[in-house]
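Subject: Structure handover

Hello,

Here is the structure you are taking over. Please have the sequence and the model open as you read the notes that follow.

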Amino acid sequence: MNQTAPEQLTIWTFDWVPEGPRGYVRDLRLRWACEEAGLSYRVGSVPFEDRGAEHRAMQPFGQVPYLTDGDVSLFESGACLLHLSEKSETLMPRERALRAETLSWVLAALNSVEMVSVPWWFVGLSSPPENPLEGWLRARLTVLEDVLTARDWLVDDRFTAADLIMADVLRPPWIRAIGDYPATEAYINRICARPAFAKAHADQIAHFSRADETREA
């Protein structure tokens, strides 16, 4: 679902990244959302190693992804995901209370979980005797484990954008290895088994692999 008509959505990512981040660069969230919702899109790229003024005009921090949709441009994966969700009931329920619940869980994934897990990971790279953020992260994961023990999905007893973003925040192996959270592990496995995720993930890996060939030429 990666065509080139000018009226289509364009998901912007780097032209290349090292092997480590592949499969985790956050344009995957938007590819996945489009695949789930059946939205036509194309993928554009910006240089990884020379992040110039044109890139920063679209994403002030020189990161990816950003999204263009006609004359609308958004940056930050959460904002882009919510924009896409407004186009599809698959991602965002239309009933007012359920929409509010979905919005809450999307922001919880970013602000209550990822806000802790990413700093925890960065601190851990230096291999301190104790990671001072570990208790904070475990507390967040315990809350989610309780929630996911009681339900299969975060909202409306079905897959929504809330599950997409929460699973993507939780799926890195370094987070999953922190402790025994069986309901959360089953949740991640169930969501990442979805064909739309498999397609988005494979497409991202292929995008960066093709760039290897160009760099070696």
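Asn131 is buried, as its relative accessible area is 14%. This, like everything below, comes from a predicted model. Asn131 belongs to the loop between H4 and H5. Setting aside neighbours within four places in sequence, Asn131 touches Trp120, Val123 and Gly124.

Helix packing

Two helix pairs are described here. In the pair of H1 (residues 27-37) and H9 (residues 195-216), the axes come within 8 Å and the crossing angle is roughly 135°. At that angle H1 is oblique to H9. The crossing of these two helices, H1 and H9, is right-handed. On the H1 side the contact is made by Asp27, Leu28, Arg31, Trp32, Glu35 and Glu36. H9 brings Ala196, Phe197, Lys199, Ala200, His201, Asp203, Gln204, His207 and Phe208 to the contact. Sorted by class, the residues where H1 meets H9 are 6 nonpolar, 3 polar and 6 charged. As a general point, an α-helix has 3.6 residues a turn, so residues three or four places apart point the same way.

In the pair of H5 and H8 (residues 182-192), the packing angle is about 70° and the axes are 7 Å apart. That angle makes H5 roughly perpendicular to H8. The crossing of H5 and H8 is left-handed. From H5, the residues Leu144, Glu145, Leu148 and Thr149 meet Pro182, Ala183, Thr184 and Tyr187 of H8. The contact of H5 with H8 consists of 5 nonpolar residues, 2 polar and 1 charged.

Glu36 is part of helix H1 and has a relative accessible area of 14%, which makes it buried. Apart from neighbours within four places in sequence, Glu36 is in contact with Thr90, Leu91, Phe159, Arg194 and Ala196.

A covered helix

How many of the 9 residues of helix H3 are buried? The count is 7 of the 9 residues of H3 (residues 77-85), so this helix is largely enclosed by the rest of the structure. The buried residues are Ser77, Gly78, Cys80, Leu81, Leu82, Leu84 and Ser85. The cover over them includes strand S1 (9-14), H1, strand S3 (66-69), strand S4 (72-75), helix H4 (96-124) and helix H6 (161-170).

Cysteines

A disulfide is a covalent bond between the sulfur atoms of two cysteines. In this model the count comes to 0 disulfides. The cut-off for a disulfide is a pair of sulfur atoms within 2.5 Å. Cys80 is likewise in no disulfide, the nearest cysteine sulfur being that of Cys34. Cys34 is buried, with a relative accessible area of 0%. Cys80 is also buried, and its relative accessible area is 0%.

Backbone points to check

Most residues other than glycine have a negative phi, and most peptide bonds are trans. The following places depart from that pattern.

- The peptide bond from Val64 to Pro65 is cis, and its omega is near 5°. Pro65 sits in the loop between helix H2 (53-58) and S3.
- Glu76 is not a glycine, yet its phi is positive, near 75°. Glu76 lies in the loop between S4 and H3, and with 37% relative accessibility Glu76 is partly exposed.
- Asp156, also not a glycine, has a positive phi of about 60°. Asp156 is in the loop between helix H5 (134-150) and H6. The relative accessible area of Asp156 is 36%, which makes the residue partly exposed.

Regards

Key: Residues numbered from 1 in each chain as written. Predicted model: local features only at pLDDT ≥ 70, side-chain atom pairs only at ≥ 80, totals over all residues. Heavy atoms only, no water. Axes fitted to C-alpha atoms, helices over the stretch in contact; angles between N-to-C directions. Helix = DSSP H or I, 4+ residues; strand = E, 2+ residues; numbered from the N terminus. Parallel < 35°, antiparallel > 145°, perpendicular 65-115°, else oblique. Left-handed = near helix turned anticlockwise from the far one by under 90°. Contact = heavy atoms within 4.5 Å. Nonpolar A, V, L, I, M, F, W, Y, C, P; charged D, E, K, R; others polar. Buried < 20%, exposed > 50% of the residue type's maximum accessible area, 1.4 Å probe, protein only.
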